[in-house]
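Welcome! Please take a moment with the sequence and the 3D view below, and then follow along with this short tour.

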Amino acid sequence: MDGINNKYNIVIEVLTPLSIGAGVEKDWVRGVDFVVDKGKLYKLNLKKMLAAGFSLEELSSCFSNKNEKAMISKLAGKLMQVSDIVLPMPAQSDNDIKTFVKSQLSGTPILTGSSLKGAIRSILFSSFRDDEEKTEDVFGKIKDGSDFMRFIRLSDADFESTTLVNTKIFNLHKVDGEWEGGWKHAFQNGTDSRFMMTGFNTVYECLKPGQKSNCTISLATKLFDNYNGEQPKLSKKQDLFSEEEYDPIENLFYAINSHTYDYINVSSTKYN
C-alpha cells in the first residue's frame, strides 16, 4: 500500500521478439551509425574512434558519403575497439535499422510504462465497451480529469540487451481475380507466395525472448472510489477495482488474460 495507491511489484518476461521504436530520428544509418562486416553489425562510437587515434578529417569523407566499405577499410583491426555493441546481422537490408527505445541515463533498453499502459488501455477498452466507438465514452475525458486510466500507473522496465530481427512485408495481391496473401519483393508485380529474406524487409532492434525484468503497477483504488460517480461504464470499472472476492491486481490480470485468450482463439479459428 502506498498512500492512495495499491502498489504491486511484477515480473515481465519477453515471450516473442519485442520492438518499441525510439523514433525515426534515432534510427541507425548504415555507413554513419553502423557498418556490417562478415555478418556482424558494429554500432560505431565517434568518441571511441577519436580515442583510438582516428581524426575527424580522415573520417569525415566516409561519414558524408555513407561509404561503408571505406569506413571498414579505415577501421580495419579496430572495429571492436571503436564500437558500442556488436550484433549478428540477420539479413541484408537497404533500410535503416529501427532502434529500440533506451534509457536516457543508462543507455539500456527499456520497456516503457507508457507502452505497457497503452496496451492495457486497449484491452480495457474492449472489456468495458458495449457498442461505443469513442474512447471518452468508455474511459471518460482527459481534459476534465475523469479519464479512468489516470488511476492506473506503471513504471518502466529495464532490460539488459537487444538483438536484431529481420521483418518482411506480407500483403494482399490478386491471383486469377482472387485476393491472396503473399510476400512482397519488389515495387511492381513483386508479391507472391515465395519467401525471401531480402526485398522490402526491415531490420529491427528488439528485446530477446526469455529476458525478464521488474516493474511496478499502481492502482489508485481509493482515489477512484472518491471520484467514480462521474465515470462512464461505472459498474464495470467498480468490478475491476473491487476487493470483495479478489485483489484488484488479480482482476486486472484476469481481464488481460481473458482478452488475450479470446484474441488468440478467434484469430486461430478465423485463419485455420
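## Ser-218 and its strand

Ser-218 sits in strand β13, which covers residues 212–219. Helices here (H or I, at least four residues) and strands (E, at least two) are DSSP runs, numbered from the N terminus. With a relative accessible area of 11%, Ser-218 is buried. Buried means under 20% relative accessible area, exposed means over 50%, and partly exposed lies in between, using a 1.4 Å probe and protein chains only.

What does Ser-218 touch, leaving aside its neighbours within four places in sequence? Its contacts are Asn-5, Asn-6, Lys-7, Phe-151, Ile-152 and Arg-153, where contact means heavy atoms within 4.5 Å. Phe-128, by comparison, is 90 residues away from Ser-218 along the chain, and their C-alpha atoms are separated by 20 Å.

## How to read this model

This is a predicted model, in which local features need pLDDT of at least 70 and side-chain atom pairs count only at pLDDT 80 or more, while totals for chains, interfaces and linings use all residues. Residues are numbered from 1 along each chain as its sequence is written, and side-chain values use heavy atoms, with hydrogens and water left out.

## The chain as a whole

The chain holds eight helices and 13 strands. Its radius of gyration is 24 Å, well over the 19 Å that the globule rule gives for 272 residues, so the chain is more spread out than a compact globule. That radius is taken over C-alpha atoms, and the rule is 2.2 Å times the number of residues to the power 0.38. Along the principal axes, the C-alpha atoms fill a box of roughly 70 × 60 × 35 Å.

Of the 272 residues, 38% are buried.

Gln-211 lies in the loop between β12 and β13. Is this residue buried or exposed? At 13% relative accessibility, Gln-211 counts as buried.

Not counting residues up to four places away in sequence, Gln-211 touches Ile-12, Glu-13, Val-14, Phe-159, Glu-160 and Ser-161. Val-14 is 197 residues from Gln-211 along the chain, yet their C-alpha atoms are separated by 5.5 Å.

Trp-183 belongs to strand β10, residues 178–184, and is partly exposed, with a relative accessible area of 24%. Leaving aside neighbours within four places in sequence, its contacts include Lys-168, Ile-169 and Phe-170, as well as Gly-190, Thr-191 and Asp-192.

Phe-200 is 17 residues from Trp-183 along the chain, with 8.9 Å between their C-alpha atoms. You will find Phe-200 in the loop between β11 (191–192) and β12 (201–207). Phe-200 is partly exposed too, with a relative accessible area of 25%.

Most residues other than glycine have a negative phi. Phe-200 has a positive phi of about 55° although it is not a glycine. Lys-66 also has a positive value, near 50°, and lies in the loop between α2 (56–65) and α3 (68–74).

## Helix α4

Helix α4 has 16 residues (113–128), which at 1.5 Å a residue should span 22 Å; its end C-alpha atoms are 22 Å apart, which agrees. The expected span is 1.5 Å times one less than the number of residues.

Which residues of α4 are buried? They are Gly-113, Leu-116, Ile-120, Ile-123, Leu-124, Phe-125 and Phe-128. An α-helix has 3.6 residues a turn, so residues three or four places apart point the same way.

## An exposed glycine

Gly-77 has its place in the loop between α3 and β4 (83–88). At 87% relative accessibility, Gly-77 counts as exposed. Gly-77 and Asp-176 are 99 residues apart in sequence and 55 Å apart in space, C-alpha to C-alpha.
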